[in-house]
Amino acid sequence: MNIPKKLYIETYGCQMNFSDSEIVGAIMKENNFDITFDKKEADVIFINTCSIRDNAEQRVRKRLLELRSLKKTKKDLIIGVLGCMAERLKEQLIEEEKIVDIIAGPDAYRNLPQLLSSVKSGNKAINVLLSVEETYADISPVKYDSNGVNAFISIMRGCENFCSYCVVPYTRGKERSRNAETIINEAKELFEKGFREITLLGQNVNSYIWKSGEELVNFTNLIEKVALIDPLLRVRFATSHPKDIPDELLFTIAKYDNICKAIHLPVQSGSNHILELMNRKYTREYYMSRIEAIKKIIPDCAISTDLIAGFCSESEENHIDTLSLMEWAKFDFVFMFNYSERPNTAAAKKLKDDVPEEIKLKRLQQIIVLQQKLSKESNNSDIGKTFKVLVESISKKSTEHMSGRNSQNKMVIFPKINNKPGDYVNVRITKCTAATLIGEIVE
Ligand code: 5AD
Ligand code: SF4
């Protein structure tokens, strides 16, 4: 028998990348590889990378530097760089990082076994071809680093929105939807294996569309099909583009108890001038009207967003527009970033990255401080309420406690009784911090 070789995969960046690493895991398993969590025993190391901001790339560069010594002691070790950084930098990365043997873009993972073979004959191997149809639809991802409760399913790939700051349309290529049947089957299999929460992933899930015979399946139809698998299976999704989120979807979320009441709707900025330069294709007023629709149709829905501080030409007044929008929307949670110019994007070509670094940092800090206050207020208003919580794991801070999430995606901590991951418990909230709700189990 052929003894399996050992593969170590390290993933950076977004959830989509983690999901891609599970696809890579499946492809490699088919080709006589086992996944190891100890890189010292690995025959092959893959680093799945992110290019969204410069610091994401810098982290990978640092990692590659650290891997040099391992490669010195282990001459046959093969190192591959996968994902967005591979796609963006192509052969340049092999020239700059001498220890890298393989470069594979996000649509080239089926080709990894061949790339490995050609490295074994002493070459460097590269495939950065983007595809218009690859969705890895038929591949059952290997859940190699999972708590057995939460799973992620990619339902589409790529993005064609071309927000001016964003590298994704260049690194992940054209938008394409995955066969709906394979998505439903994967969700059913995961449920049967004990998973209780599935997040449907795509750069812009609201443009999901699949023609199944005579039936046209849009995102609302798809999420409904997943919700109908079993009432014990929770469904989440990310990410929606504000220009595309329809009322029809909001009504479906309201209708099903197991579709989670949490919407991530990245706004990026509260200023119309900046939104226009970002090519976001909506105004502050339109965004506000979508938030109003969510609050009206799903009153208990949590809303989260992404914000970028210090985009090109952002004035103090534009920044204040962002702060006032945050106050108005009362976001429950925000991912907050400094603008980082990405080579070859429309912003890099046509606009000046002219907000000084210290001003970017100052504005980001103001955004963070305000959001801390808003998150704390949002959590305070949950004190006294009872939530159905999906148990995920032992609490990180105390083995006497467990943690899970409510439908609104807030982390809830409660004393351990007889619960195990995957159970649902009702928790009455008694205390909170800005990041967590703390409570006790009630019948
Ligand atoms: N600089 C800073 N943040 C960015 N994002 C995307 N591109 C950039 C960039 N160049 C942020 C956006 C997006 C999130 C995934 O990352 O807020 O919604
Ligand atoms: Fe980037 Fe905009 Fe596409 Fe999101 S929608 S991946 S920010 S281009």
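Colleague: Which strands each supply at least two residues of the shell around ligand 1?
Modeller: Strand E15 (302-309) and strand E16 (333-338) do. Keep in mind that this is a predicted model.

Colleague: Okay. Which residues are around ligand 1?
Modeller: The residues around ligand 1 are Ile 52, Arg 53, Tyr 165, Gln 268, Asp 306, Ile 308, Phe 337, Asn 338, Tyr 339, Ser 340 and Arg 342.

Colleague: How does that shell split by class?
Modeller: Five residues of the shell are nonpolar, three are polar and three are charged.

Colleague: What is 2.6 Å from the side chain of Gln 268?
Modeller: An oxygen atom of ligand 1 is 2.6 Å from a side-chain N or O atom of Gln 268. For Asp 306, an N or O atom in the side chain is 2.6 Å from an oxygen atom of ligand 1.

Colleague: And which atom of Ser 340 lies 2.7 Å from a nitrogen atom of ligand 1?
Modeller: A backbone N or O atom of Ser 340.

Colleague: How much of ligand 1 does the protein cover?
Modeller: On its own, ligand 1 has 400 Å² of accessible area, and the protein covers 86% of that.

Colleague: New topic. How many residues are in the largest nonpolar core?
Modeller: The largest nonpolar core has 57. Ile 155, Leu 200, Phe 219, Leu 222 and Ile 263 have the most contacts inside it.

Colleague: What does Leu 200 touch, leaving aside neighbours within four places in sequence?
Modeller: Its contacts include Ile 153, Ile 183, Val 235 and Phe 237.

Colleague: Which residues belong to the other core?
Modeller: That core lies apart and has 25 residues, among them Leu 7, Val 24, Ile 78 and Leu 115.

Note on methods
Residues numbered from 1 in each chain as written. Chains lettered and ligands numbered in written order. Predicted model: local features only at pLDDT ≥ 70, side-chain atom pairs only at ≥ 80, totals over all residues. Heavy atoms only, no water. Near = heavy atom within 4 Å. Polar contact = N/O pair within 3.5 Å; in protein donor to acceptor, adjacent residues only side chain to side chain. Areas by Shrake-Rupley, 256 points an atom, 1.4 Å probe, with all protein chains shown as cover. Helix = DSSP H or I, 4+ residues; strand = E, 2+ residues; numbered from the N terminus. Nonpolar A, V, L, I, M, F, W, Y, C, P; charged D, E, K, R; others polar. Core = buried A, V, L, I, M, F, W, Y, C linked by side-chain atoms within 4.5 Å. Buried < 20%, exposed > 50% of the residue type's maximum accessible area, 1.4 Å probe, protein only. Contact = heavy atoms within 4.5 Å.
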